[in-house]
Amino acid sequence: MDPAKLPIWMRVTLVAGIFVLVAGAGLFAWRWYSRPTTLTIAVGSLDGEASRVVSALASKLAQQKAPVRLAMVEAGSALDAANTFSSGKVDLAVVRGDVGDLSKAQAVAIVAHAVVLLVAPPGSAITDMASLKRATVGVISVDGNKRLIKILTDEYDLTRSGVTFKNLAPPDVRRALDSKEVRAVLIMMPLAEKYLALLRGLFPQGAKSGPVLIPIESAGAIAEKDRAYESFDVPKGTLRGSPPNPADDVTTLRTSFYLVAQKKLDSDLIADLTESLMSARRDLLPEYPLLGQISTPDTDASAYIPLHPGAAAFYNGTQESFLDKWGNVIFLAPMILGGLASVLAAAWKFLRADRLQTREEALDALYALGRRIRVCSSLAELDEIEGEIDRVLQGQRGKEAAGEKEAREAVALNVAAHRLENLIHDRRIALATQQKEVPRAG
């Protein structure tokens, strides 16, 4: 269909509709591509501190408009968080290295280190593992420490020594110690001031006495057998500075709390998450000192929990650069812009289809019709050409003549039109003659 035959309002409506459709599709595509990705994370701890820290990190990521956000899933303990993760219900989890099934996990960061503390009351005769004979040891969260209990039992043959373990809730520890229901307490916790203060509060404090830390001298051998643990020396004076308690470094075991991700998660996504978390950590450190323990996991291929490739890219500085990610788009941009320019030009031509021709364009159009007349093969086609001549001349009459130049151009148009009329007349005669000769030839 000839665009000139469409009303201008219809052409404007069509072009505007197409523009709105394309712009809307482009905006939708951009919003979809740049939208933040939300990952679910399972967190659980007996005191709720892990949940508070992760909640603060999630809020900071949203505040910073990070490309990756966190949606926290509450779990009652580190064991529950590990079970939720292993069942595939969440994308991430904060887990303890010696708890739960971590076969599907890949490390993103070490959140904190948890130290094994076997503690006896002040003045206790228990000073080493051998003196635990026939003693009952209170354990805060037996379910979360079954692996640790089994390792200690096997290493020191505690079953033969008559040592038993009793589950205790944190509020019941002081009462159980005072009543001699238990003779020592086994606890796994970070060496942060908040937890050390809680530990001190479980025992009566004297001017020169304090809780007794029982060393686990076979920590090195245990760590070789079970890679979830490592040997660690509790520094002198950790529980009290003056007089120092312990009086010397005490050997024990340590494991780590990990932020882990499912193996299936995209590497770029985890790289963005790792970068965002490290940035948020710096801002939150004054308010949450425990975040100071966040560190890089073991990057070796033989690490206990393998490092996620995305996190490895961040730690190794091998993240894709801007040019790596957008190089193809930048290369294609000139072609895309060229195509867009062509579309805009076509739209402009469509909108301007009924504009008045200049005198030069009108003359060119009339001259072109002369060639068509000479090869015309039907009277109907001649009628159509006459209509085109009329439209050209009608459009030019709509202009107001102003000056000698316009007058000369008008004369030229009339001369050209008169010549075309003569050509049409001659062609009509030629076509009529041809039609009469055809039956005669038959």
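Lys65 counts as exposed because its relative accessibility is 69%, where exposed means over 50% relative accessible area, buried under 20% and partly exposed in between (1.4 Å probe, protein chains only). The residue lies in the loop between helix H2 (49–63) and strand S2 (68–74); helices (H or I, at least four residues) and strands (E, at least two) are DSSP runs, numbered from the N terminus. Lys65 is not a glycine, yet its phi is positive, about 55°.

Ser141 also has a positive phi in a residue other than glycine, near 70°. Ser141 sits in the loop between S5 and helix H4 (146–156). With 22% relative accessibility, Ser141 counts as partly exposed.

## Model and overall make-up

This is a predicted model, in which local features need pLDDT of at least 70 and side-chain atom pairs count only at pLDDT 80 or more, while totals for chains, interfaces and linings use all residues. Residues are numbered from 1 along each chain as its sequence is written, and side-chain values use heavy atoms, with hydrogens and water left out.

The protein chain contains 13 helices and ten strands. Of its 442 residues, 40% are buried. Contact means heavy atoms within 4.5 Å. Among contacts between residues at least 6 apart in sequence, 78% join residues at least 24 apart.

Strand S7 spans residues 184–189 and is mostly covered, with six of its six residues buried. In a regular strand, side chains alternate between the two faces of the sheet. Both faces of S7 are covered: one side carries Ala184, Leu186 and Met188, the other Val185, Ile187 and Met189, and all are buried.

Two strands pair if DSSP finds at least two bridges between them. Strand S4 (residues 105–120) pairs with S7 in the antiparallel sense over five bridges, and Val119 has Val185 as its bridge partner in S7. Strand S5 (residues 136–140) runs parallel to S7 and is joined to it by three bridges. Here Val137 has Ala184 in S7 as its bridge partner.

## Helix H3: Ala82 and Ser86

Ala82 is part of helix H3, and at 0% relative accessibility Ala82 counts as buried. Not counting residues up to four places away in sequence, Ala82 touches Val95, Val99, Gly100 and Asp101. The C-alpha atoms of Ala82 and Gly44 are separated by 9.1 Å, and the two residues are 38 residues apart along the chain.

Ser86 belongs to helix H3 too, which covers residues 78–86. Ser86 counts as buried because its relative accessibility is 17%. Its side chain reaches the backbone oxygen of Asn83 at 3.0 Å. This is a polar contact, that is, a pair of N or O atoms within 3.5 Å; within protein, one must be able to donate a hydrogen and the other to accept it, and residues adjacent in sequence count only if both atoms are side-chain atoms. Leaving aside neighbours within four places in sequence, Ser86 is in contact with Asp101 and Lys104. Asp101 is therefore listed among the contacts of Ala82 and of Ser86.

## The loop between S9 and S10

Pro243 lies in the loop between strand S9 (230–234) and strand S10 (250–262). A cis peptide bond joins Ser242 and Pro243, with omega about -15°. Pro246 is in the loop between S9 and S10 as well, and a cis peptide bond with omega about 0° joins Asn245 and Pro246.

Asn245, in the loop between S9 and S10, counts as buried at 11% relative accessibility. The side chain of Asn245 reaches the backbone oxygen of Pro211 at 3.2 Å. Leaving aside neighbours within four places in sequence, Asn245 is in contact with Gly210, Pro211, Gly237, Thr238, Leu239 and Arg240.

## Helices H8 and H9

The axes of helix H8 (residues 267–284) and helix H9 (residues 309–316) come within 7 Å and cross at roughly 50°. That makes H8 oblique to H9: angles under 35 degrees count as roughly parallel, over 145 as roughly antiparallel, 65 to 115 as roughly perpendicular and the rest as oblique. Axes are lines fitted to C-alpha atoms, for helices over the stretch in contact, and angles run from 0 to 180 degrees between N-to-C directions.

From H8, Ser267, Ile270, Ala271, Thr274, Glu275 and Met278 meet Pro309, Gly310, Ala311, Phe314 and Tyr315 in H9.
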